[in-house]
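Please keep the sequence and the structure in view while reading.

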Amino acid sequence: MGNVLDAIIKKVMLEGPVTIDSTEYSTVVDISGVENSFGIQLHYDNGVGLDADLSLEISVDDQAYIEIPESVVTVTDADGSHIWDLGELGSNYIRVKIVVNSGSMDITRINFSGKRRH
């Protein structure tokens, strides 16, 4: 018999528009109760001369964060969306890091979605 689904967890990690021209972090999501897999979707627009790196950072104590090297994505388009579809990480917390190397962009929203089972 399979596990019973307790809840679908949805959280807005950043609500915009927020104009970014340097480094910005989303709010942190506690993923300790999320089972198997989850997704994070970032939407952006109004990019001007944009060269930015998007990535995910994880932590076990919500104090020291480490970048997941495989999560780094470089964006140069004026607008778009990116989805990270992840499996279990063995960490308790996750956040999105946005580094704008040149130009600027508006983050319109970052969403988290996962499943909690018992």
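The account begins with the nonpolar core and then turns to individual residues.

The model is predicted: local features need pLDDT of at least 70, side-chain atom pairs count only at pLDDT 80 or more, and totals for chains, interfaces and linings use all residues. Residues are numbered from 1 along each chain as its sequence is written, and side-chain values use heavy atoms, without hydrogens and water.

A nonpolar core is a set of buried Ala, Val, Leu, Ile, Met, Phe, Trp, Tyr and Cys residues joined through side-chain atoms within 4.5 Å. The largest one here has 29 residues, and I40, I98 and M105 have the most contacts inside it. At least two residues of this core come from each of β1 (5–20), β4 (37–59), β6 (73–75), β7 (80–87) and β8 (93–117); strands are DSSP runs (E, at least two residues), numbered from the N terminus. Strand β4 gives the largest share, 9 residues.

Beyond its neighbours within four places in sequence, I40 is in contact (heavy atoms within 4.5 Å) with residues including M13, L56, W84 and F112.

Strand β8 also contains R95. Is this residue buried or exposed? R95 is buried, because its relative accessible area is 17% and buried means under 20%, exposed over 50% and partly exposed in between (1.4 Å probe, protein chains only). The side chains of R95 and E57 are joined by a polar contact of 2.7 Å, that is, a pair of N or O atoms within 3.5 Å; within protein, one must be able to donate a hydrogen and the other to accept it, and residues adjacent in sequence count only if both atoms are side-chain atoms.

Y93 likewise lies in strand β8. Y93 counts as partly exposed because its relative accessibility is 22%.

Note on methods: Helices (H or I, at least four residues) and strands (E, at least two) are DSSP runs, numbered from the N terminus.
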